[in-house]
Amino acid sequence: MEAETKYEMKVKNFVTKGFKVFFMILIGILFVFLMGFVVMWLWNWLMPTIFGLTTIGYWQAIGLLALAKILFGMGNHSSKGKGMKKERKRKMEDWCKSRRSFADWKHYDSFWKEEGEKAYNAYVERIENEQKNEEG
């Protein structure tokens, strides 16, 4: 019975991911078509008036977008590329190495019950004495 549940969850996750990918592709295509219309409208509104250029059609606007992507990398949000990812990974590894392992804490409760409170009180007394000596 449990194997069937695991299989059902795997199928459900696979289908859910499939729908997400399908809709992201669909949204991407719709975005490109919409941007084609926006570029065409802006070009035909501004360029003939400002620079005396001819108007362009929809597919020419899509071509202009593709050319801009090739030349300028427009819309590439990860411009720092792999170097930034490697740096972030290195910092995370350094941070993890600097953290103590929880294995160090397995005896903490028994230590505190036996010696911790006495050691803490001795530490507080020592600090207070040092402060009094500095003042006096």
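1. In this predicted model, E87 is joined to R90 by a salt bridge in which the closest N and O atoms lie 2.7 Å apart. The two residues sit three positions apart in helix α3 (residues 81-98), and E87 and R90 are therefore separated by about one helical turn. E87 counts as partly exposed at 29% relative accessibility, and R90 likewise counts as partly exposed, at 38%.

2. The count of salt bridges comes to two, and the other pairing to consider is that of R126 with E130, whose side chains meet at 3.8 Å, N to O. That value should be read against the cut-off of 4 Å that defines a salt bridge. R126 and E130 are four residues apart in helix α4, so about one helical turn separates them; R126 is partly exposed, with a relative accessible area of 47%, and E130 is partly exposed at 39%.

3. A kink of about 60 degrees is found in α4, centred on E115.

4. The largest nonpolar core consists of seven residues, namely V39, M40, I56, Y58, A61, I62 and L65. Helices α1 and α2 (58-72) each supply at least two residues of this core, with α2 giving the most, four residues.

5. M24, which is placed in helix α1 (residues 2-51), is exposed, with a relative accessible area of 59%.

Note on methods:
Residues are numbered from 1 along each chain as its sequence is written. This is a predicted model: local features need pLDDT of at least 70, side-chain atom pairs count only at pLDDT 80 or more; totals for chains, interfaces and linings use all residues. Side-chain values use heavy atoms; hydrogens and water are left out. The bend at a residue is the angle between axes fitted to the seven residues ending there and the seven starting there. Buried means under 20% relative accessible area, exposed over 50%, partly exposed in between (1.4 Å probe, protein chains only). A nonpolar core is a set of buried Ala, Val, Leu, Ile, Met, Phe, Trp, Tyr and Cys residues joined through side-chain atoms within 4.5 Å.
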